[in-house]
Each structure stands twice: as C-alpha cells, then as structure tokens.
Amino acid sequence: MADANAVRVGIVMGSRSDMAAGEKAQAVLGDLGIASEIRVISAHRAPALLTSYADSVEERGIRVLIAIAGLAAHLPGVLAAQTHLPVIGVPMPGGVADGLDALLAIVQMPKGVPVATVGVGNAEHAAPLAAEILAIADPDLRDRVIARRAAQTQAVLDDPTNATAEA
C-alpha cells in the first residue's frame, strides 16, 4: 500500500511570479488529503533541471503533474514530452493577449504528447482534475472527491437567493 503522506502531485511553474497560483492548487490538493510539492523550473532558463525533475518524478511516487506557465507557455508541453505521467497545463494571464497566447500554446500540442488544460489562471481547477485522475485507483480519495463536489452543490442550494417561497 502506498504511503498516505507520499507526494503524489508535482506542481511546477516556470516563474516565481506564478507562485500564488501554485499555492492555490496545493491548498485544494491538501484539502483532499493529497500531498504535493511545488517547484519553480523554467523550461527555457533551466532545461537540464527540468529534464532531471521529469526523470525523477515517477520513481518518487508522483502520479500527476500540474504545469503552470504564461507567455510562450512551453513548460507543460516540454514536461509532457519528458514523462509518461498525465500533465495538466495551467495557462497564466499576461502577455500580448492576456493569457490567450499561453492557452493556445498549451492546448495545441502535437499528436501523441497530450496536455490536459484548464482555464487561464485557474490553477485551483487543475487540482480537482488531478485528484480525479488519482481517484481512479484510490477508493478513499474517490469518496473525498465526491464529498467535495456534494459540498459545493449544497453551498449553491443553501444560498439565500435560492430559497423557495413557502406556500
């Protein structure tokens, strides 16, 4: 049985300026009881370090990667090219088209090197997707993911604007 405290999700960002997004994803994962790690590794400025990281993740028990990048946004694709693990790309706002350039760079991967992609700047949306991937082989995590969804639904139902009129 796998160690419950073992890091199962790697969160990598190309720049320290994306740290807040990475921390949001890490918080969601933590709420679901999933250990994660955060690394800042630029695909352009430290390609050897990125390769070393990609080479190490699977043997260390990491099963899903979240890659956060803006502008040219090569990090998710380069990471996906160097591992067989699922990679979830998070395009960040900024640049010429306020994140559209990053979004297109991530979703337009060549055949055979897929990167799942969430909305621009939405790292906290990548975390539940990572959890759902992990939950395929982890019934306890599946129950926590289902409970989180049910709580989100209940919060909407409990909103005062959704109160039904008494007859």
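Modeller: A word on terms to begin with: helices (H or I, at least four residues) and strands (E, at least two) are DSSP runs, numbered from the N terminus. Read that way, the elements of the protein run β-α-β-α-β-α-β-α-β-α-α from the N terminus on, which comes to six helices and five strands.

Colleague: What should I keep in mind about where the model comes from?

Modeller: This is a predicted model, and local features need pLDDT of at least 70, while side-chain atom pairs count only at pLDDT 80 or more and totals for chains, interfaces and linings use all residues. Residues are numbered from 1 along each chain as its sequence is written, and side-chain values use heavy atoms, with hydrogens and water left out.

Colleague: OK. How many residues does the protein have, and what share counts as buried?

Modeller: The protein has 167 residues, and 38% of them count as buried, where buried means under 20% relative accessible area, exposed means over 50%, and partly exposed is in between (1.4 Å probe, protein chains only). The C-alpha atoms fill a box of roughly 65 × 45 × 30 Å, taken along the principal axes.

Colleague: And what share of the contacts comes from residues 24 or more positions apart?

Modeller: Counting contacts (heavy atoms within 4.5 Å) with a separation of 6 or more, residues 24 or more positions apart account for 65% in this protein.

Colleague: Let's go to salt bridges. How many does the structure hold?

Modeller: The structure holds three salt bridges, each being a side-chain nitrogen of Lys or Arg within 4 Å of a carboxyl oxygen of Asp or Glu. In one of them the side chains of R8 and D138 meet at 3.2 Å, N to O. That pair links distant parts of the chain, with R8 in strand 1 and D138 in the loop between helix 5 (123-135) and helix 6 (139-158), 130 residues apart.

Colleague: Are R8 and D138 buried or exposed?

Modeller: Both R8 and D138 are buried, and for R8 the relative accessible area is 17%. R8, in strand 1 (residues 7-13), touches a set of residues beyond four places away in sequence, including I34, G61, V64, L134 and L141 as well as D138.

Colleague: Which residue does R60 pair with?

Modeller: R60 forms a salt bridge with E37, at 2.8 Å from N to O. Here too distant parts of the chain are linked, since R60 is in the loop between helix 2 (47-57) and strand 3 (64-69) and E37 is in strand 2 (residues 35-40), 23 residues apart. R60 counts as partly exposed because its relative accessibility is 37%, whereas E37 is buried, with a relative accessible area of 16%.

Colleague: Where do E132 and R149 lie?

Modeller: The closest N and O atoms of their salt bridge are 2.6 Å apart. E132 lies in helix 5 and R149 in helix 6, so the pair ties together parts that are 17 residues apart in sequence. E132 is partly exposed, with a relative accessible area of 30%.

Colleague: Switching to the surface, which residues form the nonpolar patch?

Modeller: L100, L104 and V107 form it, with about 240 Å² of accessible area together. Patches are made of residues with over 30% relative accessible area and no salt bridge, with like charges joined within 9 Å and nonpolar side chains (Val, Leu, Ile, Met, Phe, Trp, Tyr) within 5 Å. L100 sits in helix 4 (residues 100-107) and counts as partly exposed because its relative accessibility is 44%.

Methods: Areas by Shrake-Rupley, 256 points an atom, 1.4 Å probe, with all protein chains shown as cover.
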